Every structure is written in C-alpha cells, then in structure tokens.
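Here is a short note to go with the model. Please read the points beside the coordinates.

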Amino acid sequence: MDLTCELPVPPNNSDRYLVDGDTLYDFALNRPQFVWSVLSALPASADFDPTILDSVPYADGNADLWHGSPRPQFSDASFEIVCWDSSATLLIGASDDVANAFLAAYPDARNLDTDNQSRG
C-alpha cells in the first residue's frame, strides 16, 4: 500500500492491514492520499490475520480491472475501493447505495463497467 501518511496501526513487513471501520473513518478525516492501494470492505465480524494470506488484492499492474465487470479480488469482501496511481478511484462490487452516494459526492465519476465495455 502506498500512502502519503502512516496508518494508525502497528507497522508490519507485509504491508497488509486489518483496520476497523471507525479507525479507518478517523484516519480518512486527515485526507490521506492512497496512491496504489486496495481497500477491501469486510464484514465487521471478520477475524483473520491478513499477513498470512498467500495472495492479496492489488492495484498496480492489475489489467483485470480494465476488462468486463471486475469483481472484488478478495473473495470475502463486500466490495473494494481500488486506488489507481492517485489518478482514479475504482469501486468494485459496490452496492447501488454505495455507488449512488459516491456519484452524489463526485458527479463527474464514470461507470467502470460501461467504460470497459466501450473499450471492448
């Protein structure tokens, strides 16, 4: 994960973190910039150690994001927010409510599925 400031969690060597929603909300109030990152939204009951996963969601170099209708890379995720080189934010698998709230805040946002279909 490439950030412009430190996450409020203990550092680890894997660059993988499990952060609860309240902590992430408080962190977001500082307006950090996520450069190459994937934030996987998990149920509040999720209890696992992300440092032991064999593979993790990734943004940098992930061509699968630009074809068809991408799905969350982490199978247990409700949806994912992909931060693409600080130039794009992709909502993958977001509910209509989440997508509509995002569109209300960012009216210039485009539909990734539609854009992917037009690219062929």
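**Notes on a helix and a sheet**

1. Asn116 is buried, with a relative accessible area of 2%. The model is a predicted one, so treat that value as computed from predicted coordinates, under the 20% cut-off for buried. Asn116 sits in helix α3.

2. What surrounds Asn116? Setting aside neighbours within four places in sequence, Asn116 is in contact with Leu65, Trp66, His67, Gly68 and Pro70. Its side chain also makes a polar contact with the side chain of Arg119, at 2.3 Å.

3. Which residues of α3 are buried? In this helix, residues 112–119, they are Leu112, Asp115 and Asn116. They lie on the same side of α3, because they cover an arc of only 100° around the axis. The general rule behind such a pattern is that an α-helix has 3.6 residues a turn, so residues three or four places apart point the same way.

4. The face of α3 turned away from the buried side holds Gln117 and Ser118, both exposed. On the buried side, the cover includes strand β3, residues 88–92. This links the helix to the sheet discussed below.

5. Look at the start of α3 as well. There, a side-chain oxygen of Asn111 comes to within 2.9 Å of the backbone nitrogen of Asp113.

6. How many salt bridges does the model have? The count comes to one. Asp115 forms a salt bridge with Arg110, and the closest N and O atoms are 2.8 Å apart. Are the two partners buried or exposed? Asp115 is buried, with a relative accessible area of 19%. That value falls just inside the class, because buried means under 20%. Arg110 is exposed, with a relative accessible area of 67%.

7. Now the sheet. Three strands form an open sheet in the order β1-β2-β3, with antiparallel pairing. β1 (37–41) and β3 stand at the edges with a single partner strand each, so one side of each has no neighbour in the sheet. Neighbouring strands are turned by 15° against each other on average, direction ignored.

8. β2 covers residues 79–84 and pairs with β3 in the antiparallel sense over five bridges. The pairing of β1 with β2 is also antiparallel, over five bridges. In general, strands of a sheet pair through backbone hydrogen bonds, either parallel or antiparallel.

9. Ser40 has Glu80 in β2 as its bridge partner. Glu80 in turn stands opposite Ile92 in β3. Another pair to check is Cys83, which stands opposite Thr89 in β3.

10. How much of β2 is buried? The strand is mostly covered, with five of its six residues buried.

11. One backbone angle deserves a look. The hairpin of β2 and β3 has three residues between the strands, and Asp85 there takes a positive phi near 50°.

12. To recap, Asn116 is buried at 2% relative accessible area. Asp115, buried too, pairs with the exposed Arg110 in a salt bridge.

Definitions and conventions. Residues are numbered from 1 along each chain as its sequence is written. This is a predicted model: local features need pLDDT of at least 70, side-chain atom pairs count only at pLDDT 80 or more; totals for chains, interfaces and linings use all residues. Side-chain values use heavy atoms; hydrogens and water are left out. Buried means under 20% relative accessible area, exposed over 50%, partly exposed in between (1.4 Å probe, protein chains only). Helices (H or I, at least four residues) and strands (E, at least two) are DSSP runs, numbered from the N terminus. The arc is that of the directions from the helix axis to the C-beta atoms. Contact means heavy atoms within 4.5 Å. A polar contact is a pair of N or O atoms within 3.5 Å; within protein, one must be able to donate a hydrogen and the other to accept it, and residues adjacent in sequence count only if both atoms are side-chain atoms. Two strands pair if DSSP finds at least two bridges between them. Axes are lines fitted to C-alpha atoms, for helices over the stretch in contact, and angles run from 0 to 180 degrees between N-to-C directions. A salt bridge is a side-chain nitrogen of Lys or Arg within 4 Å of a carboxyl oxygen of Asp or Glu.
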